[in-house]
Amino acid sequence: MASYATIRFNFAQAKQQAQRLENIAQEMRNTANQNFEQALSELSAGWSGECATQYIRKAQKVKEDILTTAKDLDAVAASIRKVAQRIYNAEMEAKRLAEEIARKA
């Protein structure tokens with residue numbers, strides 16, 4: 001059975017991974033909402049016509065896909081946190097019960 005320190009370490013690692021996913025999601029949102037929009041705006045200013053319109057429409061779809069992926073990453077991070085908390089609670093309770101049984105034996 002894992003030690004209390006190992007259980008806490010694993011829990012902390014899971015929370016760190018969730019935080020990394022949230023950071024990546026935020027960077028993706030920033031890129032889509034700032035850099036991507038700015039590039040499209042500059043493109044629109046310098047290029048017109050049917051091809052430009054089609055290109056910008058497709059680029060907007062890519063932006064939406066980026067934002068959707070960022071939202072999905074946030075959902076994965078939330079799931080990691082929820083599962084990690086459940087595992088942490090179960091392992092801590094199992095450890096406590098095992099120690100209690102060992103003391104009674």
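Is Ile56 buried or exposed? In this predicted model, Ile56 is buried, because its relative accessible area is 18% and the limit for a buried residue is under 20%. The residue belongs to helix H2. Apart from neighbours within four places in sequence, Ile56 touches Leu40, Leu43 and Ser44. Ser41 lies 15 residues away from Ile56 in sequence, and the C-alpha atoms of the two are 9.3 Å apart in space.

The protein contains 2 helices and 0 strands. Helix H1 covers residues 4-46 and helix H2 covers residues 50-104. The axes of the two helices are 9 Å apart and meet at an angle of about 170°. H1 is therefore roughly antiparallel to H2, since angles over 145 degrees fall in that class. Sorted by class, the residues in the contact of H1 with H2 are 27 nonpolar, 6 polar and 13 charged.

The overall dimensions were computed for the whole protein. Along the principal axes, the C-alpha atoms occupy a box of roughly 85 × 15 × 15 Å. The radius of gyration is 23 Å, whereas a compact globule of 105 residues would have a value near 13 Å. Of the 105 residues, 18% count as buried. When contacts between residues at least 6 apart in sequence are considered, 85% of them join residues at least 24 apart.

The largest nonpolar core consists of 6 residues, namely Ile7, Phe11, Ala14, Ala84, Tyr88 and Met92. H1 and H2 are the elements that contribute two or more residues to this core. Within it, Ala14 was examined for contacts beyond its neighbours within four places in sequence; these contacts are with Ile80 and Ala84. Ala84 is itself a member of the core.

Once neighbours within four places in sequence are set aside, the residues in contact with Lys95 are Met1, Ala2, Ser3, Tyr4 and Ile7. One of these, Ile7, is also part of the largest nonpolar core.

Methods:
Residues numbered from 1 in each chain as written. Predicted model: local features only at pLDDT ≥ 70, side-chain atom pairs only at ≥ 80, totals over all residues. Heavy atoms only, no water. Axes fitted to C-alpha atoms, helices over the stretch in contact; angles between N-to-C directions. Helix = DSSP H or I, 4+ residues; strand = E, 2+ residues; numbered from the N terminus. Parallel < 35°, antiparallel > 145°, perpendicular 65-115°, else oblique. Nonpolar A, V, L, I, M, F, W, Y, C, P; charged D, E, K, R; others polar. Core = buried A, V, L, I, M, F, W, Y, C linked by side-chain atoms within 4.5 Å. Buried < 20%, exposed > 50% of the residue type's maximum accessible area, 1.4 Å probe, protein only. Contact = heavy atoms within 4.5 Å. Rg over C-alpha atoms; globule rule 2.2 N^0.38 Å.
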